[in-house]
Amino acid sequence: MKILIVKSSSMGDIIHALPVAHDIRKALPDAQIDWLAEESFQAIPTLAPAVRRVHVTAFRRWRKSILSERTRSEVSALKAAMRGEHYDVVLDIQGLMRSALAAKWAGVPVTGYSRSTVREPLASFAYTKTLDLPASLGAVRRYRLAAAQTLGYEIDETNPVFGLRATAEPVAEPRSSTVAFAVNTSRDEKLWPEANWIEFGRMLERSGHPIDLYWGNAEEEARVKRVAAALSNARVLPRAGLDRVAASLARAQAVVGVDTGLAHLAAALGRPSVGIFVSTPIEVLHLVGDGPVESLGGVNCMPSVEDVSAALSRVTAGTGSPISFRK
């Protein structure tokens, strides 16, 4: 059986969908699993060993020059590649108009969410079969149930497995006992104050833990450089592709981050992780991974430095490399 999973963005959403590949491989060992992802995130599905091929969309770029020769050529090539696979099942777990459109390019019937549960209701008209799975189920559970109901198998709902492998070269030479900071996020209301990062970083450094910081654009680079400048053993890593970032995160002793793709990626990679949520309802969206994780805060709830340090001690307590803080 040849299966195409359509989950093109965003980074965190794709990560939360990756247990689907593990579930399918476990239930249907001979199935071929392909993925459709936006070009910015195409490296993420490749971390799942069960994913054979990633088809790439570029809607964020295409919409800026929709009639250009390059756009028409890329869309035509993508359609041909998808149709050439002759998929038995196409499942759109994105639920947007653009994902439904791209799913139709495979040339076979598409399964997606019902009109009452899909994010953009018009997308449901592109689906031959629909699933009543509301977003309130939580992202990981919802995606896994969508695949299970479509393909006819049962899942262990309490135990999602990512099973990711980060085999690329790390961004920089790994350092022992490093704690990675995912300071940046797409919206300012999700940020944790820089003063908190600095205070927390100093606590870690007193306990012998160097710190690595990541960034993706000029504003984010300036932010991590301000934090690093106030610390004695913090390193701002160079910008790199997501495959190399994943390889670096996989080698960290632990990861602490706000509601951002890198924090979700670290958790999925099995690293002990603490998520700091200040504007996101953690009842619906929180860290999920193959290792110990905690999610703190919620809507209008700002975790303190003490909250985060205590959580980090808890998630590392059973790992063989516990982190404790010196006074």
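Keep in mind as you look around that the model is predicted. How can we find such gaps at all? Rolling a probe the size of a water molecule over the atoms shows where empty space is left.

Let's begin with the largest cavity, which has a volume of about 90 Å³. Its lining is made up of 13 residues. If you want to find its centre, look for Pro174, Asp212, Arg235, Ser248 and Arg251, the lining residues that lie nearest to that point. Sorted by class, the lining has seven nonpolar, two polar and four charged residues.

Now move on to the second largest cavity, with about 30 Å³ of space. Which residues line the second largest cavity? They are Tyr214, Trp215, Leu237, Pro238, Arg239, Ala240 and Val245. Here six of the lining residues are nonpolar, one is charged and none is polar.

Next, let's turn to two helices. Helix 2 covers residues 19-27 and helix 6 covers residues 139-151. Their axes come within 9 Å and cross at roughly 30°. Angles under 35 degrees count as roughly parallel, so helix 2 is roughly parallel to helix 6. The crossing of helix 2 past helix 6 is right-handed.

Which residues make the contact? Helix 2 brings Pro19, Val20, Asp23 and Ile24, while helix 6 brings Val140, Tyr143, Arg144, Ala147 and Leu151. Among the residues of this contact, seven are nonpolar, two are charged and none is polar.

Methods: Residues are numbered from 1 along each chain as its sequence is written. This is a predicted model: local features need pLDDT of at least 70, side-chain atom pairs count only at pLDDT 80 or more; totals for chains, interfaces and linings use all residues. Side-chain values use heavy atoms; hydrogens and water are left out. On a 1 Å grid over the protein atoms alone, a cavity is a set of points where a 1.4 Å probe fits but cannot get out, and a pocket is an open set with protein on both sides within 12 Å along at least five of seven lines; lining residues have an atom within 4 Å of a point. Grid points are joined across faces, edges and corners, and a volume is the space filled by probe spheres set on the points. Ala, Val, Leu, Ile, Met, Phe, Trp, Tyr, Cys and Pro count as nonpolar, Asp, Glu, Lys and Arg as charged, and the others, Gly among them, as polar. Axes are lines fitted to C-alpha atoms, for helices over the stretch in contact, and angles run from 0 to 180 degrees between N-to-C directions. Helices (H or I, at least four residues) and strands (E, at least two) are DSSP runs, numbered from the N terminus. Angles under 35 degrees count as roughly parallel, over 145 as roughly antiparallel, 65 to 115 as roughly perpendicular and the rest as oblique. A crossing is left-handed if the near helix is turned anticlockwise from the far one by less than a right angle, and right-handed if clockwise. Contact means heavy atoms within 4.5 Å.
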